[in-house]
Amino acid sequence: MSVWRVVVFMGVMLAAGCGLGACSSTASKLDTLIQAEPDSTRQRAMRRLSLASAYYEQNQNAVAQQEVRAALQIDPNYAEAYSLLGLIHQRDEAPVLAQSSFEQAIALASKPPMRSAELAAIQHNYGWFLCEQNQFVEAQMQFDLALAQPSYRQADKTRQAMTLCKARASLATDQRQRNN
């Protein structure tokens with residue numbers, strides 16, 4: 001009986017030791033989960049860009065532009081911020097600034113690590129800007145580049161923009177022929 005008690009006691013101690021180790025391991029994991037992750041530069045810039053997008057959607061271009069510029073002060077290599085800035089300039093009828101912003105966005109989005117869906121969205125926006133500027137060949141090229149990106153999920157939107165742009169090009173051609 002004495003040997004049996006020693007075996008049981010050792011088993012209980014072993015189980016308790018393993019249990020305590022698991023508890024301390026679990027406790028340290030919980031501490032890790034409870035502690036806030038450090039705020040990265042991109043995360044802060046994303047928050048500002050999210051605000052900028054909301055203001056842009058509400059047609060508050062001046063405030064949207066301020067938020068985009070704040071995002072770019074935090075992260076000057078943020079391609080999506082330049083793309084939204086291009087859209088703001090496009091809406092404000094500042095084509096030179098819009099083009100510059102879109103080109104900067106594409107240059108940044110093309111650098112490693114390239115995210116093809118982000119690049120495609122920028123190419124789509126730039127294509128639509130070019131279409132509005134009656135630069136139909138260049139617009140088509142940007143739309144084609146967007147559609148060629150493997151992870152682009154808004155291909156239908158780009159195809160619709162292409163159709164509208166082709167119709168616009170056709171109207172422009174017809175009008176030029178009538179004027180001649």
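The mean pLDDT of the protein is 84, and 78% of its residues reach 70 or more; pLDDT is the predictor's confidence in each residue, from 0 to 100. The structure is a predicted model, in which local features need pLDDT of at least 70 and side-chain atom pairs count only at pLDDT 80 or more, whereas totals for chains, interfaces and linings use all residues. Residues are numbered from 1 along each chain as its sequence is written, and side-chain values use heavy atoms, with hydrogens and water left out.

The secondary structure comprises eight helices and zero strands, giving the pattern α-α-α-α-α-α-α-α along the sequence. Helices (H or I, at least four residues) and strands (E, at least two) are DSSP runs, numbered from the N terminus. Where pLDDT is low, the predicted coordinates should not be read in detail.

Of the 180 residues of the protein, 33% count as buried. Here buried means under 20% relative accessible area, exposed over 50%, and partly exposed in between (1.4 Å probe, protein chains only). Among contacts in the protein with a separation of 6 or more, 51% are accounted for by residues 24 or more positions apart.

Two helix pairs illustrate the packing. Helix H7 (residues 136-148) and helix H8 (residues 155-179) have axes that come within 10 Å and cross at roughly 165°. H7 is therefore roughly antiparallel to H8. Axes are lines fitted to C-alpha atoms, for helices over the stretch in contact, and angles run from 0 to 180 degrees between N-to-C directions; angles under 35 degrees count as roughly parallel, over 145 as roughly antiparallel, 65 to 115 as roughly perpendicular and the rest as oblique. The crossing of H7 and H8 is left-handed, a term applied if the near helix is turned anticlockwise from the far one by less than a right angle, with right-handed used if clockwise. On the H7 side, Phe136, Ala139, Gln140, Phe143, Asp144, Ala146 and Leu147 meet residues of H8 that include Ala155, Met162, Cys165 and Ala169. The contact of H7 with H8 has 11 nonpolar, two polar and four charged residues. In this classification Ala, Val, Leu, Ile, Met, Phe, Trp, Tyr, Cys and Pro count as nonpolar, Asp, Glu, Lys and Arg as charged, and the others, Gly among them, as polar.

In the second pair, helix H4 (residues 79-91) packs against helix H6 (residues 116-132) at an angle of about 20°, with the axes 10 Å apart. H4 is therefore roughly parallel to H6, and H4 passes H6 in a left-handed crossing. The contact brings Ala79, Glu80, Ser83, Leu87 and Gln90 of H4 to Glu118, Ile122, Asn125, Trp128, Phe129 and Glu132 of H6. By class, the residues of the contact of H4 with H6 divide into five nonpolar, three polar and three charged. Asparagine 125, located in H6, is buried, with a relative accessible area of 16%. Beyond its neighbours within four places in sequence, asparagine 125 is in contact with Ser83, Leu87, Gln90 and Phe102.

Arginine 48 lies in helix H2 (residues 41-57) and is partly exposed, with a relative accessible area of 30%. When residues up to four places away in sequence are not counted, arginine 48 touches Glu67, Ala70, Ala71 and Ile74. Arginine 48 and alanine 81 are 33 residues apart in sequence and 9.3 Å apart in space, C-alpha to C-alpha.

Most residues other than glycine have a negative phi, and most peptide bonds are trans. The peptide bond from proline 112 to proline 113 is cis, with omega near -5°; proline 113 is placed in the loop between H5 and H6. Asparagine 59, a residue other than glycine, has a positive phi near 60°. Asparagine 59 is found in the loop between H2 and helix H3 (61-74) and counts as exposed at 55% relative accessibility. Glutamate 93 also has a positive phi, near 60°. Glutamate 93 lies in the loop between H4 and H5, where its relative accessibility of 71% counts as exposed.

Methods. Contact = heavy atoms within 4.5 Å.
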